[in-house]
Amino acid sequence: MTGDPIVQRGLYYDELEVGARYVHRPGRTATEADNVLFSTLTMNTQALHLDAAYSESRPFGQRLMNSMWTLSTMVGASVSQLTQGTLVAQLGMTDISFPAPLFHGDTLYTETEVVEKRLSKSRPGQGIVTLRHTGRNQHGEVVGVATRTALMWCAPSTEESPGGVT
């Protein structure tokens, strides 16, 4: 075999363009096990996630997926394509909303738009990128939106070791 190995990674600050939209695939079908495990691991005992009989009497008529699972899965869907090995740190999240419910059996599809970017004034070789994640169910209904600010590595110079950031 010849040539250098190709390491899967996200995109460096320099490779991200404002206005670019990344469609993350495959989608993720939400299961009852996902909901119960995530809710209990995070000590969220909300009956709307765990109690089928109670939830049947509520406005949606069934259990809702934990919205924090939805948010986490939306962000997670973007990692391999955008931030794997190129993220320094997540700086914050804003404008989080869940305009429609996600239920067991629904499939969550996520896309990310690069909203803004600027080089860091205090951290050479790093830049701040604002990303807007949008999650839709299999019917195209928006079930989650979040704006995330991330500190990203700039592309390594050719003098640095192969593979750049570890």
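Predicted model: local features only at pLDDT ≥ 70, side-chain atom pairs only at ≥ 80, totals over all residues.
Reader: Why is phenylalanine 98 called partly exposed?

Author: Its relative accessible area is 32%. Buried means under 20% and exposed means over 50%, so phenylalanine 98, at 32%, is partly exposed. You will find phenylalanine 98 in the loop between strand 2 (87-97) and strand 3 (107-119).

Reader: Why is glycine 27 called partly exposed?

Author: Glycine 27 has a relative accessible area of 27%. Glycine 27 belongs to strand 1 (residues 21-29). Leaving aside neighbours within four places in sequence, glycine 27 is in contact with Thr107, Leu108 and Tyr109.

Reader: How do you know that strand 2 and strand 5 pair?

Author: Pairing takes at least two bridges between two strands. Strand 2 and strand 5 have seven, in the antiparallel sense, so they count as paired. As a landmark, threonine 94 stands opposite threonine 147 in strand 5.

Reader: And what joins strand 4 to strand 5?

Author: Strand 4 (residues 126-136) and strand 5 run antiparallel and are joined by 11 bridges. With at least two needed, these strands pair as well. Here glycine 135 has glycine 144 in strand 5 as its bridge partner. The hairpin of strand 4 and strand 5 has five residues between the strands, and glycine 140 takes a positive phi near 85° there.

Reader: What makes strand 5 mostly covered?

Author: Strand 5 (residues 142-153) has 12 residues, and nine of them are buried. Each of those nine therefore falls under 20% relative accessible area.

Reader: Why is the set that includes Leu131 and Ala150 called a nonpolar core?

Author: The name calls for buried residues of the nonpolar kinds, joined through side-chain atoms within 4.5 Å. The largest such core has 11 residues in all, among them Leu11, Tyr22, Val114, Leu131, Ala150 and Cys154. Strand 4 and strand 5 each supply at least two residues of this core. A second, separate core has eight residues, including Met74, Ala100, Leu102 and Val143. In soluble globular proteins, nonpolar side chains tend to be buried together.

Key:
Residues numbered from 1 in each chain as written. Heavy atoms only, no water. Helix = DSSP H or I, 4+ residues; strand = E, 2+ residues; numbered from the N terminus. Buried < 20%, exposed > 50% of the residue type's maximum accessible area, 1.4 Å probe, protein only. Contact = heavy atoms within 4.5 Å.
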